[in-house]
Amino acid sequence: MDLLLTSEQEQIVEAIAAVLGDELPLTGGHPRRMTRSLWQLASDLGWIGLGLPMSVGGMQASTVEEALLFHKIGYHCGPMELLFSVIAAHAAKDSNPALCERLVKGEARAGYLIGTSLNPPWLALAMANAEVAVRLDANDQMILHGAVPLTSHEQICGLDPAVDTMSIDALPQILCVAPANVTSRGLLLVAAMEAGLARLALDLACEHAKVREQFGKAIGSFQAVRHACADMAVRSEAVDSQLAFAAASLAKESDSAFYEVRALKCLSIDAAYRNVRSAIQIFGAIGVTDEHVMHLLLKRTHLLDALFGNRSHQLDRLLAYPFPDS
Amino acid sequence: MDLNINESDIGFRDEVRAFLASCWPKADKQRNRSQKDIALFRQRAIEAGYLYRSIPRRYGGSEQAYNIIRAEIIREEFGRVRAPMEVSGNGTSMLVPTLLDCGTEWQREQFIRPTISGEYVWAQGYSEPGAGSDLAALKTSAVLTGDQWVINGHKIWTTDVLKAQFMFALVRTEPDAPKHKGISYLLIDLRQPGVTVRPLKQLHGGEEFGEVFLENVKTPADWIVGNRGEGWSVSKTTLKHERSSIGNAKSYMAMYARLYELAAGTTRSGLPAIQDPVIRVELARIEALVLSQQYSSYRQFSRAAVGKDPGLSPLLNKLVCTGIGHRIAALAQELIAESGLLLPSAQVRGAEKWVNQIVGSLGVAIAGGSSNIQRNIIAERGLDLPRAQGEGA
């Protein structure tokens, strides 16, 4: 077994981090929205097609590389549009390769539809410029929908300020039902974003604990603060290990991949919530203003929790799988 | 120990009910009452001895004998018919008790009456960018020049500053004294040149806080509460009042009741959420916590009523209630599902109003002494543990 990155994978991670660091610097509490230049870079660098075959313009890498990409996007509190387009491209791959290719090139964009009740209204995320949308149905299948008709929506104020949010009264036309492994991929990649975000909360809190002084010394010297940082690190390490294992399981299509990915999602959302809350406590009052980046991490965590089935949904499903043989 | 309320207090409850029935008739409870009606009601309630009981009549209060059981009966009965209670805010809850404890006769006459009527709104000028948990590190300075103080500095997380005309503030007047001994408690009129207020938007969009820049701001020499250098102990009177109001079990009882209603009215997988065993268990746990905090507050009342040392429990109020608030928020988040992805606003649709509690509960763990500072206070003042090196409470 080898859960370490190859030198090629390390180069990919560095390249992704460099682009995101330039495009989405982590300063201030302004929402980090998708920009034209980031969208262009993402398609030029092959991010959307990273895990797709060359026949549709993809890079033919595995879920491991995709997970690395989305860990970094999560770490930069990056735009959600990339995740939705990647999932939509995988959903369309077999039934509509032309659409898949346009998604890979960034010519078409995807949003996400969400609704746990069986009745309208549903929420449509990042649909303003999207021509397709993905949705998880009650049987945990990913459904690919067409665009939201202009007449049947109402623009509303979403909790996450970087994500355009609408309320819709009717679901748009169904284009296809995605193969079962697309659900697992969605769970893996959203979990990777949660893991990245949990790591960001840890890093920001540690950085602050080193420079913020009270009672004449850095607050990181107080046990109440340093122990909280240590607990955040424990959660981040655990979730990153589970992420590596789950991504590798899914890449080799192992029987236990479904189980590993759901277990990951439970761990990663827990780490994200707890690390973000802990970091906010360490930042003190500045952490609950909208001038500081922490509120974006908190709101993003709430959003990520709701995607591809929330925490209680995953816990419920997890119990249906047998514990994997090691 | 006696779980019954004595005869005279039962009689008192009837008296309060009769007063409310005549002065705050139920029938028009939901109608819009004008500010004038509310002011008139408060005046009657003061005359009847129900509001501002600890404040002498000469300052506009009702000057009643200290009776914490009766004070609680009044709160319960007024709350039941939603009659206006005392004017809320920093002025009534923190400044007035401080003036009664430490103010001069002139200050009490000048400030208490307009504050309890709601005419004067006060900001609390304590924290600074470099002085949060370590409040005594504050740097804003005041220099006595002739018959006035000249104040320079920067206050932040200043509650209610956007609507206040006045601020009670901690400032450094004795720069050479040890840090806790160099602080004074000043009253400042904010309506003057040199005062710049900037709102601070919170993560859920509210603007209850601001920061205040003070440049050569003046305040009369006799607007100091307590002596020079005694501001730290004067302020402890004030902070004690803030902490006990944050630790109020009643507001969490009400919040729990709303949570229960939410669970009863929410459908999950085709069934009422309240039938889901996971939800039921968590509701039951929260209910137990809320009730135990309620009984803790009764015990605190009982001790105070007979003049006994309040002991450990008042020090726990804020930490316990912060924890209850987090758990209520977490269950509400589970129940409202994707409505939790909306920001509550003018276009309110329903369940997303819980988002304020869900994200706001994180701020409660910081305001008025963070949870870590609360734990230090419990350890040091409550349990007599040695003081942590360099860490104050």
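**A walk through some salt bridges and a helix**

Hi everyone, let's start inside chain A: A:Asp160 and A:Arg300 are both buried. Before going on, please keep in mind that this is a predicted model.

Those two residues form a salt bridge, and their closest N and O atoms are 2.6 Å apart. Where do A:Asp160 and A:Arg300 sit in the chain? A:Asp160 is in the loop between β5 (153-156) and β6 (165-168), while A:Arg300 belongs to helix α9 (residues 294-306), so this pair links distant parts of the chain, 140 residues apart.

Side chains of opposite charge can pair when their charged atoms come close. Over all chains, the count comes to 32 salt bridges.

Here is another one from chain A. A:Arg102 pairs with A:Glu131 in a salt bridge, with 3.0 Å between the closest N and O atoms. A:Arg102 lies in helix α5 and A:Glu131 in the loop between β2 (122-125) and β3, so the pair ties together parts that are 29 residues apart in sequence. A:Arg102 counts as partly exposed because its relative accessibility is 29%, and A:Glu131 is partly exposed too, at 33%.

Now let's stay with that helix, α5 (residues 97-105) of chain A. Which of its residues are buried? They are A:Leu99, A:Cys100, A:Leu103 and A:Val104. These residues cover an arc of only 140° around the axis, which puts them on the same side of α5(A). They pack against several elements of chain A, including α2 (36-44), α4 (81-92) and β1 (110-114).

Over to chain B. B:Thr266 is in the loop between α7 (249-265) and β9 (267-268). Is B:Thr266 buried or exposed? At 13% relative accessibility, B:Thr266 counts as buried. Its side chain reaches the backbone oxygen of B:Leu262 at 2.5 Å. Leaving out residues up to four places away in sequence, B:Thr266 touches B:Leu271, B:Pro272, B:Ala273 and B:Leu335.

Chain B has its salt bridges as well. B:Arg268 meets B:Asp276 at 3.4 Å, N to O, and B:Arg268 counts as partly exposed at 24% relative accessibility. There is also a network of salt bridges that links B:Arg13, B:Arg17, B:Glu76, B:Glu77 and B:Arg80.

Last stop, the surface. B:Leu312, B:Leu383 and B:Leu385 make a nonpolar surface patch of about 250 Å². B:Leu312 is in the loop between α8 (277-305) and α9 (313-336) of chain B, and counts as partly exposed at 34% relative accessibility.

Terms used. Residues are numbered from 1 along each chain as its sequence is written. Chains are lettered from A and ligands numbered from 1 in the order in which they are written. This is a predicted model: local features need pLDDT of at least 70, side-chain atom pairs count only at pLDDT 80 or more; totals for chains, interfaces and linings use all residues. Side-chain values use heavy atoms; hydrogens and water are left out. Patches are made of residues with over 30% relative accessible area and no salt bridge: like charges are joined within 9 Å, nonpolar side chains (Val, Leu, Ile, Met, Phe, Trp, Tyr) within 5 Å. Accessible areas come from the Shrake-Rupley method with a 1.4 Å probe; for residues, only the protein chains shown count as cover. A salt bridge is a side-chain nitrogen of Lys or Arg within 4 Å of a carboxyl oxygen of Asp or Glu. Helices (H or I, at least four residues) and strands (E, at least two) are DSSP runs, numbered from the N terminus. Buried means under 20% relative accessible area, exposed over 50%, partly exposed in between (1.4 Å probe, protein chains only). A polar contact is a pair of N or O atoms within 3.5 Å; within protein, one must be able to donate a hydrogen and the other to accept it, and residues adjacent in sequence count only if both atoms are side-chain atoms. Contact means heavy atoms within 4.5 Å. The arc is that of the directions from the helix axis to the C-beta atoms.
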